[in-house]
Structures are given as structure tokens and as C-alpha cells.
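Biologist: I have a new model open on my screen. Could you walk me through a few of its features?

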Amino acid sequence: MTPVCEDHAERCINNGRRAYFPSLQWTLANRNYARLWYGQAASAIGDTVFCTTLVLWVSQVLARGAPWAPAAVSGILVAAGAAIALVGPVAGVFVDRWNRKSTMMRTEVIRAALVAALTGLSFVPVRDLPVGLWLAAVYLVVFVLNASGQFFNPARFATIGDVVHGEEERVRAAGLAEATTSAAGIIGPPIAVLLLLTIGFQWALAVNAISYIVSYLATRFLRLAPDSGPPAAVRAGGTSLRAEFSFGLRLFARNRFLVTLLTVTTICQCGTGAISALNVFFVTSDLHASSRLFGVAETAMGIGFIVGALVAGRMVRWMGARALTWAGLLAAGVLAAAYALQRSFPAGLVLLGFYAIPIAMLNTAVAPLLLDAAPREYMGRVMAVFTPVNQLASMLSVVVFGWLTSTVLRSFRATVGGITLNSVSLIFIVAGGLIVLSGLRAFAALPDTNAS
């Protein structure tokens with residue numbers, strides 16, 4: 001029970017917040033979501049700093065000048081993807097079994113301890129240990145961090161559904177989360193480079209460990225209603241892991257709304273994944289810009305993501321989450337195709353920023369749709385299907401379109417309306433067509449209500 005004086009003090013503090021920061025109070029919806037957001041913001045920045053630091057350290061220190069350096073860096077992405085593919089589907093069952101607040105707290109403890117251990121190891125001079133051992137340690141840490149995230153992320157997503165109610169409020173919360181992740185992607189890499197060049201690799205890693213501690217503390221002070229817990233059959237040990245996982249799959253397959261939403265986002269991922277992977281080649285060849293300006297293009301896209309995420313709440317209030325989904329997809333597809341036809345870097349930069357806005361709106365609108373469509377007690381298993389399938393679609397699109405660019409379409413050239421198309425710009429047009437196709441699918445098949 002909270003002491004009277006402490007409760008009074010907290011009320012005074014929060015009254016002050018509302019008086020001096022009304023827009024922040026409005027955006028954060030309530031104190032519980034504010035605590036979730038503080039933790040997410042710290043963790044997102046820490047993760048970005050950590051990832052950038054590892055890539056720089058492996059490429060510029062551990063594998064400097066080695067012909068296998070690109071493969072060593074790629075191993076970081078492979079370790080992360082393997083954790084999502086192998087652990088993600090099973091993790092959803094346990095997220096539905098366990099207390100979600102406790103799950104989030106424990107995963108943050110594990111991640112903080114693991115990064116702290118790697119930080120301690122990094123004080124050993126590089127030459128004192130074999131390169132293979134260093135890489136194994138890095139890949140193991142990346143794998144376990146992302147595997148832990150497969151428990152934390154669904155638990156956090158379900159908790160947002162518990163503390164934020166109503167479509168507009170949930171879109172606002174999801175928009176702030178999306179904007180925070182995009183902002184972390186912009187400010188994290190410069191922070192990583194600054195820390196790496198000034199105080200060293202070890203302290204850049206330590207930032208991520210501290211971010212997990214901040215996330216743990218923010219989660220620790222959440223005030224949630226008692227968790228209803230798993231079904232009685234699970235508490236009594238009468239349901240196996242395989243049976244629960246299979247039931248979750250059947251639940252997903254029988255829900256027409258969820259299946260349609262998954263189809264829409266999967267088709268969209270096939271298009272957006274190709275653009276994200278090949279954009280560096282488009283910027284340097286089609287837009288005739290220096291490779292140094294690719295960071296500017298990424299920043300423009302990040303700004304577009306932030307703007308789209310922040311205005312999504314107003315758009316949902318105006319047209320509804322379903323209409324925003326299909327309209328945003330149609331707009332993004334047209335903008336992607338228009339971007340593919342640009343040959344000027346400034347014009348391409350503007351279109352790239354505008355393209356990111358509806359994509360961010362889609363990512364934001366999907367959250368309340370999922371929360372409304374999936375029963376709370378099965379949210380972990382629903383996310384265990386939804387997230388890995390979308391991740392797999394994005395990875396496959398990168399592999400397929402990358403292969404086509406390097407082989408079958410390598411020498412492709414065509415002139416349309418005075419504009420010369422090469423393999424990358426052609427694939428961008430195809431990617432825009434896929435995004436439009438996903439919008440048409442959403443318009444035709446996404447029901448107004450969560451029909452099962």
C-alpha cells in the first residue's frame with residue numbers, strides 16, 4: 001500500500017507535469033504507459049549504440065583489412081535473425097503462460113548481465129585471444145539478446161494493450177513508440193562513433209547495459225492489475241508446449257481479420273525490404289550522389305518515419321485505422337515508384353522522406369488492430385506468428401531482389417519517357433507495385449470488424 005505522503009507527493013509532481021508539459025502528458029496517455037515509454041526510449045538508444053559499436057569494432061578492429069571482414073559483420077545480422085526465427089515462435093507460448101511484468105523484468109536483467117559480461121571481456125587486449133573466440137562471443141551475445149527480446153517484446157506489446165485503451169489512444173501510443181525507435185536510429189550511430197573515438201569500445205558497450213537497467217527500473221514501477229495468469233489446464237500441467245503452440249496457430253488461422261492483416265503486411269514487407277536493402281546502390285548510381293551522402297538519405301527516411309508515427313493518431317481519429325492502413329499503403333506504393341524515377345539527389349531525398357511517412361502510419365495503425373483482434377490470453381502466440389513471418393518475408397525479399405540485381409538483371413537497361421531504368425530502379429518500381437497490391441488487398445479484404 002502506498003503511504004499517504006508519497007501518494008500526495010506523486011499527485012503534486014504529476015499535476016506539475018500536466019501544467020508545464022501538457023503536450024507530453026497528452027502524448028504519453030497515462031503514467032503506466034509513460035514508464036513503458038521511458039524504458040523503451042533508453043533501450044532503443046542503447047541497442048542502436050550497441051549494434052553500431054559492434055559493427056564498427058568487428059569491421060575496423062577485429063577484422064581490419066581481412067578479406068572475410070564483410071562475412072564477419074554479416075554474422076551479426078545472421079545471429080540476430082536466427083534468434084528471431086528459432087526462439088520467436090516458441091517464446092509466445094511462454095509469454096502467455098507467465099506474468100508479463102515479471103517476464104519483462106527478468107529479460108532486462110539477463111540482457112544487462114550479458115552485455116556487462118561482454119563489456120568486461122572487452123577490456124582484454126584483442127591480440128590476447130583468437131579472433132574466432134572474439135567472434136563467437138559477439139555472436140553468442142547478439143543471439144541471446146535477440147532471443148530475450150522475443151520474450152520481452154510480446155510481453156510489452158500485450159502490456160500496452162492493458163494500460164492504454166481505445167483505438168485513438170493505442171494509435172497514439174504506438175505512434176510514439178515508432179517515432180522513438182526511428183529517432184534512436186538517427187541519434188544512436190553518432191553517439192556510438194563519438195563514444196568509440198573518445199572513451200573507447202568498452203564504454204560504448206556499457207551504455208547498452210545501463211539502458212537495460214533503466215528499462216528494468218521503469219518496468220519495476222509499473223502499476224498493473226493482477227495478471228489473470230494462464231488457463232487452468234496450463235496451471236495444472238495438463239497442456240503441453242506443443243499443444244499450446246498448435247492451438248495458437250489454429251486460433252490465428254481461424255481469425256479472418258488476423259490472416260488478412262498478416263497477408264497485407266507480408267506483401268508490404270516484400271516491397272519495403274527491397275527498398276531498404278538496395279537504397280544505397282540507388283543513391284550512388286541513379287541519384288549520382290557520393291556514398292558519404294547515403295547517411296543523409298537514411299536521415300531523411302528516419303525523419304519521415306518520425307513525422308508519420310506522430311501524426312498517425314490524428315489520421316486514425318479522422319479516417320479510422322482500417323482506412324489509414326489501405327490508403328497509406330496505396331500512397332507509399334505510388335511514392336516508391338516515383339522515387340525510382342528520380343535522378344536528382346535533392347528531389348529523391350524529398351520523395352524518400354514522404355515515402356516513409358505512410359509506412360510509419362501503417363506500422364502505427366497495425367498495433368491497435370492487432371490488440372483488438374487477438375484475445376489477450378493468446379497475444380504472445382499471435383505475435384509469435386505475426387512478427388517472424390513478417391521478418392522472414394523481409395529477409396526473403398532482400399535475398400531474392402539482391403540476387404536478381406546481381407545476376408539476371410545485372411545488365412538491364414531500358415528507357416521510359418526519357419528516363420533510363422537499370423536493375424535497381426526497376427526493382428524499386430516492382431517494390432512499389434507490391435506495396436500498392438498490399439493496399440488493394442487491405443481495401444478489399446480487411447473487415448471493418450474483427451470477424452473470426
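Predicted model: local features only at pLDDT ≥ 70, side-chain atom pairs only at ≥ 80, totals over all residues.

Biologist: Let's begin with the helix H3. How many of the 32 residues of H3 are buried?

Modeller: H3 reaches 44 Å from its first C-alpha to its last, close to the 46 Å expected at 1.5 Å a residue. This helix is largely enclosed by the rest of the structure, because the number of its residues that are buried is 23 of the 32.

Biologist: Nice. Trp57 and Phe201 form an aromatic pair, so which helices does the pair tie together?

Modeller: The two rings are stacked, at 4.5 Å centre to centre with 10 degrees between the planes. Trp57 is buried at 6% relative accessible area, and Phe201 is buried at 9%. The pair ties together parts that are 144 residues apart in sequence, because Trp57 lies in helix H3 and Phe201 in helix H8.

Biologist: Now Arg111. Over the face of which residue does Arg111 lie?

Modeller: Arg111 is found in helix H5, and at 6% relative accessibility it counts as buried, since the cut-off is under 20%. Beyond its neighbours within four places in sequence, Arg111 is in contact with Leu145, Ser148, Gly149, Phe152 and Tyr212. At 5.1 Å from the ring centre, Arg111 lies over the face of Phe152.

Biologist: And the largest nonpolar core: which element gives the most to it?

Modeller: That core has 64 residues, and Leu370 is one of those with the most contacts inside it. Leu370 touches residues including Phe157, Leu261 and Phe386. Several helices give two or more residues to this core, among them H6, H11 and H16. The element that gives the most, with 17 residues, is H14.

Biologist: How many residues does the second, separate core have?

Modeller: Phe201 turns up again here, along with Ile76, Leu145 and Ala209; this second core has 23 residues.

Biologist: One last thing: what is the phi of His288?

Modeller: Most residues other than glycine have a negative phi. His288 is found in the loop between helix H11 and helix H12, and it is exposed, with a relative accessible area of 60%. Although His288 is not a glycine, its phi is positive, at about 55 degrees.

Terms used:
Residues numbered from 1 in each chain as written. Heavy atoms only, no water. Helix = DSSP H or I, 4+ residues; strand = E, 2+ residues; numbered from the N terminus. Buried < 20%, exposed > 50% of the residue type's maximum accessible area, 1.4 Å probe, protein only. Contact = heavy atoms within 4.5 Å. Phe/Tyr/Trp six-rings, centres within 6.5 Å; stacked < 30°, edge-to-face > 60°. Lys NZ or Arg CZ within 6 Å of the ring centre and 35° of its normal. Expected span 1.5 Å × (residues − 1). Core = buried A, V, L, I, M, F, W, Y, C linked by side-chain atoms within 4.5 Å.
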